[in-house]
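Reader: I am new to this structure and would like to learn how to read it. Please show it to me, and then we can go through some residues and the chain as a whole.

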Amino acid sequence: MTGQYPQALRPLCIIGLGLIGGSLLRDAAAADATAFGHTLSRSGARQAERDGFDVSTDLTATLERAAEVDALIVIATPMSSVAEVLDAIVEHAPTCGITDVVSVKRPVYDLVVERGLQARYVGGHPMAGTEHSGWSASQAGLFRRAAWAVTYDWADELDRASKPVPQQWADLFTQVCLLAALAGAEAVPVSGARHDEAVARVSHLPHVVAEALSIVGDKGDTLAQSLAAGSFKGATRVAGTSPELVRNMVETNAKALVPTIDELIELLRDARDSLAADTPDMAQLAEAGNRAYTRFTARSGARRESVSPVRISSRPVVRVHPGSPHWVRDLKQIESLGARVEVF
């Protein structure tokens, strides 16, 4: 596991064992890493225990255990629960490093700042998933070759103020990159704001579109349902995601999502007007869309089964030594390239 990396991965304490947290626990076990987890779901905990995993429904006891073994705590709950989990960490695991896998980054960072936890936090977001949820939906290998966003907002703030980044935080950044590597993913450094704007386009907007398209299709009654084929089913697949999970994603990223919806509405309005003309015309949208699709898939190598399909194995790799001179500026350059980072 360590190989090219400068340190071993700490024990993992995963709070929230749905699709993402549960899949990460399975990956950790497959890699023989020390890992244990917490879930509020008693049925989920029973299933996980029957599957041979170390799981508890007692958050306090789980965090106290994390403190004893100096675990890396991974928050894998919906955004609506993050503040409560952070408060519990402050009380019961006051020295542990913290990361998360929440689909928005700036709102999480704001909660971290409110509690003065910047020096102990490096955000994360694996760009993989399915429309299913819960422990029963989790699977080993879910994150293989997927992008794993790793944030560096606090380090950037310190660098802009010409202040040194503590080595403890640099080590935590390395730990989160190690976590991504354990899951078979590729770490991509990114600021919280740029992350949220990007996922508004490629993850959260597709959910909005899928919900609306499902409603439009459903109004065609049984005949439309009988005739629906691959294009409709593919475009609406993520509408099968739990409404609560969808709301957690899109509502917390509304600031970035609304302008993106406006872009889509403008494109649809132009297409509508062109089709309503005496000579219906779809050429502009079809040709521009095809060009954009070709560029996008060439860069991303998108995984069809992923809710948030970003895979970047074709992108450049830049090696960085966390804590070395100018390493934060290197992260900015890597982000601008959309490249992945390896730490040494």
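Reader: Is Gly-21 buried or exposed?

Author: A residue counts as buried when its relative accessible area is under 20%. In this predicted model, Gly-21 has a relative accessible area of 2%, so Gly-21 is buried. Gly-21 belongs to helix H1, which covers residues 19-30.

Reader: Which residues is Gly-21 in contact with, leaving aside its neighbours within four places in sequence?

Author: With those neighbours set aside, Gly-21 touches Ile-14, Gly-16 and Ala-76. As for Ser-336, it lies 315 residues from Gly-21 in sequence, and the two C-alpha atoms are 29 Å apart in space.

Reader: What is the relative accessible area of His-38, and where is His-38 found?

Author: His-38 sits in strand E2, residues 35-38. The relative accessible area of His-38 is 4%, so this residue is buried as well.

Reader: Where is Asp-32 found?

Author: Asp-32 is in the loop between H1 and E2. A residue is exposed when its relative accessible area is over 50%. Asp-32 has 73%, so it counts as exposed. Its backbone deserves a look: phi is positive, about 60°, although Asp-32 is not a glycine.

Reader: What is the phi of Arg-145?

Author: The phi of Arg-145 is positive, about 65°, and this residue is not a glycine either. Arg-145 is placed in the loop between strand E6 (124-126) and strand E7 (147-151). With 39% relative accessibility, Arg-145 counts as partly exposed.

Reader: Which class of exposure does Asp-278 fall into?

Author: Asp-278 is exposed, because its relative accessibility is 82%. The loop that holds Asp-278 runs between H12 and helix H13 (283-300). For a distance across the model, take Glu-197: 81 residues separate it from Asp-278 along the chain, and their C-alpha atoms are 38 Å apart.

Reader: Which residues of helix H11 are buried?

Author: In H11, residues 243-252, the buried ones are Val-246, Asn-248, Met-249 and Val-250. These buried residues pack against two helices, H8 (192-218) and H12 (254-275).

Reader: How many helices and strands does the chain have?

Author: There are 14 helices and 10 strands. The chain has a radius of gyration of 21 Å, close to the 20 Å given by the globule rule for 344 residues, so it is as compact as a globular protein of that length. Its C-alpha trace spans about 70 × 50 × 35 Å along the principal axes.

Reader: What share of the residues counts as buried, and what share of contacts joins residues at least 24 apart?

Author: Of the 344 residues, 47% count as buried. Among contacts between residues at least 6 apart in sequence, 72% join residues at least 24 apart.

Reader: What does the accessible surface of the chain come to, and how many side chains are positive or negative?

Author: The accessible surface is about 16,700 Å², and carbon and sulfur atoms account for 53% of it. The chain carries 34 positive and 41 negative side chains, with the centres of the two sets 4 Å apart.

Reader: What is the mean pLDDT of the chain, and where is the pLDDT below 50?

Author: The mean pLDDT is 92, and 93% of the residues reach 70 or more. Residues 302-312 have a pLDDT below 50, and this stretch has 44 contacts in the model beyond near neighbours in sequence. Where pLDDT is low, the predicted coordinates should not be read in detail.

How values were computed:
Residues numbered from 1 in each chain as written. Predicted model: local features only at pLDDT ≥ 70, side-chain atom pairs only at ≥ 80, totals over all residues. Heavy atoms only, no water. pLDDT = per-residue confidence, 0-100. Contact = heavy atoms within 4.5 Å. Helix = DSSP H or I, 4+ residues; strand = E, 2+ residues; numbered from the N terminus. Buried < 20%, exposed > 50% of the residue type's maximum accessible area, 1.4 Å probe, protein only. Rg over C-alpha atoms; globule rule 2.2 N^0.38 Å. Areas by Shrake-Rupley, 256 points an atom, 1.4 Å probe, with all protein chains shown as cover. Lys, Arg positive; Asp, Glu negative; His and termini not counted. Charge placed at Lys NZ, Arg CZ, Asp CG, Glu CD.
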